[in-house]
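These notebook entries record what I looked up in the structure, topic by topic.

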Amino acid sequence: MDRIVIHGGRRLHGSIALSGSKNATLPVLMASVLTSEPVLLSNVPRLRDVKTALELLQRLGVTVRWLGPHELEICAANIKSCEAPYELVKTMRASFVVLGPLLARCGRARVSTPGGCAIGARPVNLHISGIRALGAKIQLRNGYVEAHADRLRGARVWLDNPSVGATENIMMAAVRADGRTVIENAAREPEVQDLARMLTSMGAHIAGAGTHVIEIEGVERLHGAEHQIIPDRIEAGSLMIAAAITGGDLTIENAPVDQLDAVIAKLRETGTTVITQDKALRVWRSAPLRPIELRTLPYPGFPTDLQAQMMALLTQAHGTSVITETIFENRFMHALELLRMGADIVMKGATAIVRGSSRLSGAPVMATDLRASMSLLLAGLVAENTTEVSRVYHLDRGYEEVDAKLRSLGADIERVPDRKG
Ligand code: UD1
């Protein structure tokens with residue numbers, strides 16, 4: 001397995017362009033199953049999760065062709081299987097959102113349940129109850145969700161919590177159902193909005209994406225479309241934090257500025273300067289970091305996917321910060337690795353108390369999940385000596401060429417390939 005080796009102490013400077021959003025890409029790829037016509041996607045990030053999603057689509061009989069570095073043509077003219085196998089779904093939970101589109105297209109689907117993951121139980125009960133409400137017969141057998149419906153029918157669906165994946169799955173089942181579906185307490189994340197845009201350009205009738213109530217009027221058929229994936233707001237936030245933690249000065253060229261309000265507000269509270277220039281964001285820090293209170297929330301609140309990175313930053317603040325994680329129950333695994341680097345963090349349930357001004361010192365650390373890995377890289381950027389991050393495949397799931405990007409900004413970072421090959 002590759003490792004990433006960082007020699008800390010360099011301030012990051014320069015301009016950088018964001019890759020396409022991982023979390024927007026994955027459901028959009030699954031949406032391509034809804035039509036037999038080709039779908040053209042641009043700004044698709046080259047990530048391990050995208051590779052896994054494409055492998056799943058190919059197993060279903062979908063043809064996939066890269067037309068350029070970030071341009072894809074996908075055609076689901078012939079679906080030959082309706083099964084998403086365990087070995088793929090367990091490596092990437094987001095594959096579970098293939099259930100809705102497969103069912104809508106084929107009238108049946110067999111999709112493995114994803115199981116637990118490093119950041120919590122992450123059940124799929126809301127996906128299942130929502131799709132059941134549309135008239136699907138669903139049973140769980142041998143670890144697989146087996147669903148069939150000769151015809152899906154529009155319905156009112158209330159989500160207990162605004163799950164991103166459940167909203168996407170139900171939306172994709174509802175676009176070809178008979179009549180009107182209303183999803184209440186829907187997720188408002190920009191990635192849900194991007195999926196709605198993609199489905200709309202395929203001929204779907206969707207109103208309210210980006211609000212808590214999404215209305216979908218089912219249509220008989222969907223057609224091919226072209227769609228450009230939105231830039232990755234989590235990559236943007238991670239780079240902003242990299243500028244803040246190193247006392248650097250970065251410009252992010254294609255930043256989704258209006259999706260980053262909570263992140264910008266919290267970084268400003270730490271004493272980091274953030275200025276928005278049209279579509280660009282400039283972030284720099286020259287003053288000492290101040291401690292803050294931070295609470296993760298569904299969009300437009302502060303994203304859980306940036307909590308680990310903020311924790312790394314707050315180890316450098318002058319004072320005590322309090323972080324509360326409200327989305328996932330076990331998302332402080334990175335804290336244990338940060339402790340090994342000299343951080344002072346106490347965890348109690350969903351709260352972490354971070355006493356700042358820690359002199360971090362490099363250590364061999366292990367990535368446990370995607371965003372946790374990024375927090376270790378960020379800590380490595382300011383740690384004394386050498387930090388060696390193993391299990392880098394977690395990073396490759398969601399950050400495109402992260403080592404090359406950070407190197408281009410002045411970081412002393414290199415990827416050491418696995419000697420075994
Ligand atoms: C998506 C993102 C992930 C992000 C998360 C929250 C993708 C591919 N992943 O994950 O990066 O961290 O949103 O912003 O877009 N829940 C249930 N029952 C369900 C579904 C979810 O109880 O059926 C719970 C989860 O356990 C969690 C909360 O709802 O506590 C939010 O999860 P959800 O929004 O579904 O996250 P994902 O879609 O899996």
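Entry 1, strand pairing. In this predicted model, I looked up strand S7 (residues 108-112) and found that S7 pairs with strand S9 (residues 144-148) in the antiparallel sense, over five bridges. Within this pair, I noted Val 111 opposite Val 145 of S9.

Entry 2, the sheet. I then traced the open sheet, which four strands form in the order S6-S7-S9-S8, with mixed pairing. Strand S6 (83-84) and strand S8 (137-141) each have a single partner strand and stand at the edges, so one side of each lacks a neighbour in the sheet.

I looked up helix H1 (residues 22-31) against helix H2 (residues 48-60): the two pack at an angle of about 5°, and their axes are 10 Å apart. Because angles under 35 degrees count as roughly parallel, I recorded H1 as roughly parallel to H2. H1 makes the contact through Lys 22, Thr 25, Leu 26, Leu 29 and Met 30, and H2 through Asp 49, Val 50, Ala 53, Leu 54, Leu 56 and Leu 57. By class, I listed eight nonpolar, one polar and two charged residues in the contact of H1 with H2.

I found one cavity of 30 Å³ or more; the largest cavity holds about 50 Å³ of space. Its lining consists of Glu 235, Leu 239, Met 374, Tyr 399, Glu 400, Val 402, Lys 405 and Leu 406. Helix H8 (233-246) and helix H14 (402-408) are the elements that give two or more residues to this lining, and H14 gives the most, with three residues. By class, I recorded five nonpolar, no polar and three charged residues in the lining of the largest cavity.

Conventions
Residues are numbered from 1 along each chain as its sequence is written. This is a predicted model: local features need pLDDT of at least 70, side-chain atom pairs count only at pLDDT 80 or more; totals for chains, interfaces and linings use all residues. Side-chain values use heavy atoms; hydrogens and water are left out. Axes are lines fitted to C-alpha atoms, for helices over the stretch in contact, and angles run from 0 to 180 degrees between N-to-C directions. Angles under 35 degrees count as roughly parallel, over 145 as roughly antiparallel, 65 to 115 as roughly perpendicular and the rest as oblique. Contact means heavy atoms within 4.5 Å. Ala, Val, Leu, Ile, Met, Phe, Trp, Tyr, Cys and Pro count as nonpolar, Asp, Glu, Lys and Arg as charged, and the others, Gly among them, as polar. Two strands pair if DSSP finds at least two bridges between them. On a 1 Å grid over the protein atoms alone, a cavity is a set of points where a 1.4 Å probe fits but cannot get out, and a pocket is an open set with protein on both sides within 12 Å along at least five of seven lines; lining residues have an atom within 4 Å of a point. Grid points are joined across faces, edges and corners, and a volume is the space filled by probe spheres set on the points.
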